[in-house]
Structures are given as C-alpha cells and as structure tokens.
Amino acid sequence: LEALASGWIQPFFQPKASLRLGLVKSVEALARWVTPGGELIAPDAFIPVAAQHGLMPDLTLRILDASIAALKLWLSRGIQLSVAINLSPASLHDVSLTEGLISRVAASGLDPSLFMFELTETAMAADAAMATGCLVRLRLRGCGLSIDDYGTGFSSMQQLSRLPFTELKVDRSFVTGAWQRAHLRTLLGSAIETGLRLKLVTVGEGVETMEDWKLLREMGCDLAQGWLISKALPADELMHRLPAINQRLRELKDA
C-alpha cells in the first residue's frame, strides 16, 4: 500500500509493432516497482501480494493514471500511441473499478480508442457472465478490448464471437520458436486465422528472433510484441528511443 501511495509502482511500456508497416503503433503498460534506491522489483514479487490483499483495483487505477500522463506527454511531442492496460480476474467483480476506469478515461480528454483493456483467456472463462458486463460497458465507451494469452485457456470461436473483443493476443508459448517447430506453427496459424475470421486485430507475443517476426508476417498477423522489438521502458525513455526502434523496425520489414 505504501508503494502505491508513494508512486513507487509505475508502468513500463513495451511496444507493439505493425508487421506490415514496421512501426510502433501501441504499447502495453506493465507494472514495475522502482524503489527509492533505483532497484527494480519484478511484478511476480508484488502482484500476487497485491491480489491477496485486495489492492488490484488501486494498482490498476494507478497504472491507468500514469498511462494517461504518458499518453499526454507523447502527444505533446507529436507521438500518438495507444496503450493497453491489464485487468485482473478480480476486476470482473468490481463495479466501482469499472466505473473508475470509465470516468478516468473520460476525464482525460483523450480519445477512448487510445485505451485497450486486456483480460486473460483464463480469467474470462472463470466468470463469463460477469466478464461480459464489465467488457461491454468499457467497449460502449469506445475503449478497445483484448483477450490476452490466447491458446492457454478454454475459449472457443463461438465464445469469442459473443464478447466484444477487438484484439486477440496469441500466447508466447505458440510464437517463440514456432518457425522451427511444425506443431507450434500449426497452432499459431490456427490462432491467427481465428482472429482474422472474427475481424480482430491479432498480436503475436514473445517475438525474440527475426524468424519469429517473418513467420508472423507470412501468416498475416497484424502486430508483434517482444524483445526483438524492445523490452518494456519508462515513458520518457521510450519517447527518446522510439525513433531508433522504428528505424530498426523498418529494417526488419524490408529484410
């Protein structure tokens, strides 16, 4: 709680790049704990504790507030990106959190389409009825909705078609190294085809090599995310490094 109140927990932003354009189009906000001494504490060390003590709504709003500030900073420098915010399973049961997300997006004065809210496939399956209510309200306000870690849970194409998702993120376990493993290529291709059939933006996570990038591009995937593009960075550092990242992406596109 002290870390949240003191602003020590903040988002780092990992770029998502267009495979067709070779350009960063959006980012995912990932929670990081930066101590006063500059030590970086990984989310695995504090996210479970926050969930255990009912602090995930506070953490989610903190990440959203900081993301809004980052979007405004980037826009002031002529950089327009959208940002994805992760929703925990507990978020689906918290009506006040949904209201808080909606009110903050509205008060920001930014286009709601610049905000994407991500929900894991497993969390959605745990309480589809509650998830539908939360997601529909966010979607009606103009925000994007993403199903994260697709392929690791129990979703079917029919279930996906009933919920107002706009993006499908294929889990890294199906992306990393798929270029050299036939069964992974089959699963990856099926997931991307599902997204395309449902007219969703498709994202491949865990892109670490040029071969991963090329395979996703050949399969018609829209966006790629992973260390080949960039690790997650603080807002100001990402802003300064973005020209170099985009230059490298152009080289990847033309390779």
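# Briefing on a predicted model

Apart from its neighbours within four places in sequence, Asp212 is in contact (heavy atoms within 4.5 Å) with Val175, Thr176, Gly177, Ala178, Trp179, Gly206 and Val207. The model is predicted: local features require pLDDT of at least 70 and side-chain atom pairs count only at pLDDT 80 or more, while totals for chains, interfaces and linings use all residues. Residues are numbered from 1 along each chain as its sequence is written, and side-chain values use heavy atoms, with hydrogens and water left out.

- Asp212 belongs to helix α10 (residues 210-218); helices (H or I, at least four residues) and strands (E, at least two) are DSSP runs, numbered from the N terminus.
- Although buried, Asp212 has no salt bridge, and Arg172, the nearest side chain of opposite charge, is 8.6 Å away.
- Buried stands for under 20% relative accessible area, exposed for over 50%, and partly exposed for values in between, with a 1.4 Å probe and protein chains only.
- As to charge, Lys and Arg count as positive and Asp and Glu as negative, whereas His and the chain ends are not counted.

**Salt bridges**

- There are 10 salt bridges, each being a side-chain nitrogen of Lys or Arg within 4 Å of a carboxyl oxygen of Asp or Glu.
- One of them joins Glu118 to Lys169, with the closest N and O atoms 3.1 Å apart. Glu118 is in strand β5 (residues 115-120) and Lys169 in strand β7 (residues 167-170), so this pair ties together parts 51 residues apart in sequence.
- Lys169 also forms a salt bridge with Glu205, where the closest N and O atoms are 3.4 Å apart. Because Glu205 lies in the loop between β8 (201-204) and α10, and Lys169 in strand β7, the pair ties together parts that are 36 residues apart in sequence.
- Glu118 and Lys169 are buried, and Glu205 is buried as well.
- Glu237 and Arg241 form a salt bridge with their closest N and O atoms 3.3 Å apart. These two residues are 4 apart in helix α11 (residues 235-254), which means about one helical turn separates them.
- Glu237 is partly exposed at 31% relative accessibility, and Arg241 is partly exposed at 38%.
- Through shared partners, salt bridges join Lys16, Glu28, Glu118, Glu167, Lys169 and Glu205 into one network.

**Aromatic pairs**

- The structure holds 2 aromatic pairs. Rings of Phe, Tyr and Trp (its six-membered ring) pair if their centres lie within 6.5 Å; planes under 30 degrees apart count as stacked, over 60 as edge-to-face and the rest as tilted.
- Phe13 and Trp74 have ring centres 5.1 Å apart and planes at 75°, so they are edge-to-face. Phe13 is in strand β1 (residues 9-18) and Trp74 in helix α3 (residues 56-76), so the pair ties together parts 61 residues apart in sequence.
- Phe13 is buried at 1% relative accessibility, and Trp74 is buried with a relative accessible area of 1%.
- Trp33 and Phe46 also form an edge-to-face pair, because their ring centres are 5.9 Å apart and their planes at 80°.
- Trp33 is partly exposed, at 24% relative accessible area, whereas Phe46 is buried at 5%.

**A residue of helix α3**

- Thr60 lies in helix α3 and is buried, with a relative accessible area of 4%.
- Beyond its neighbours within four places in sequence, Thr60 is in contact with Ile85, Asn86, Leu87, Ser91, Leu97 and Leu101.
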